[in-house]
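Visitor: I am new to this structure and would like to be walked through it slowly. Could you show it to me, and then take my questions one at a time?

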Amino acid sequence: MVGKRLRGSLLNLISAQFNVTREVIDANKQLDGTNKQVAKVTQELANVANTLAQINRLVVVLDDLLKVTASFH
């Protein structure tokens with residue numbers, strides 16, 4: 001139900017014709033700024049995910065080292 005309503009709204013937006021007014025230009029600038037912010041946050045999240053993956057690899061290596069030392073006791 002929600003999907004059909006969303007689809008209808010998207011079709012209305014796609015088929016709408018806008019007069020280029022100051023409001024539309026301003027809205028486009030805001031949208032551009034939002035898109036840039038989303039791209040920046042996306043990259044930051046990718047960096048965090050990469051850091052966490054590296055930490056995970058380090059933990060695995062340290063765990064393996066602890067297993068080796070424990071086997072000597």
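## Salt bridges and overall form

Guide: Let us begin with one pair of side chains in this predicted model: Asp-63 forms a salt bridge with Lys-67, and their closest N and O atoms are 3.5 Å apart.

Visitor: How many salt bridges does the structure hold?
Guide: Besides the pair already named, Arg-22 forms a salt bridge with Asp-26, with the closest N and O atoms 3.4 Å apart, and Asp-32 forms one with Lys-36, where that distance is 3.3 Å. Arg-22 and Asp-26 lie four residues apart in helix H2, and because Asp-32 and Lys-36 are also four residues apart in helix H2, about one helical turn separates them. The number of salt bridges in the structure is three.

Visitor: How far apart are the C-alpha atoms of Asp-64 and Lys-36?
Guide: Asp-64 has its place in helix H2, which covers residues 22-71, and at 39% relative accessibility Asp-64 counts as partly exposed. Asp-64 and Lys-36 are 28 residues apart along the chain, and the separation of their C-alpha atoms is 42 Å.

Visitor: What is the radius of gyration of the protein chain?
Guide: The chain has two helices and zero strands. For 73 residues the globule rule gives 11 Å, and the chain's value is well over that, so the chain is more spread out than a compact globule. Its C-alpha atoms fill a box of roughly 80 × 35 × 10 Å along the principal axes. The radius of gyration is 25 Å.

Visitor: What is the count of buried residues in H1?
Guide: Helix H1, residues 2-15, reaches 20 Å from its first C-alpha to its last, close to the 20 Å expected. Across the whole protein chain, buried residues make up 0% of the 73 residues. H1 is likewise hardly covered, and among its 14 residues the count of buried ones is zero.

Key. Residues numbered from 1 in each chain as written. Predicted model: local features only at pLDDT ≥ 70, side-chain atom pairs only at ≥ 80, totals over all residues. Heavy atoms only, no water. Expected span 1.5 Å × (residues − 1). Buried < 20%, exposed > 50% of the residue type's maximum accessible area, 1.4 Å probe, protein only. Rg over C-alpha atoms; globule rule 2.2 N^0.38 Å. Salt bridge = Lys/Arg side-chain N within 4 Å of Asp/Glu carboxyl O.
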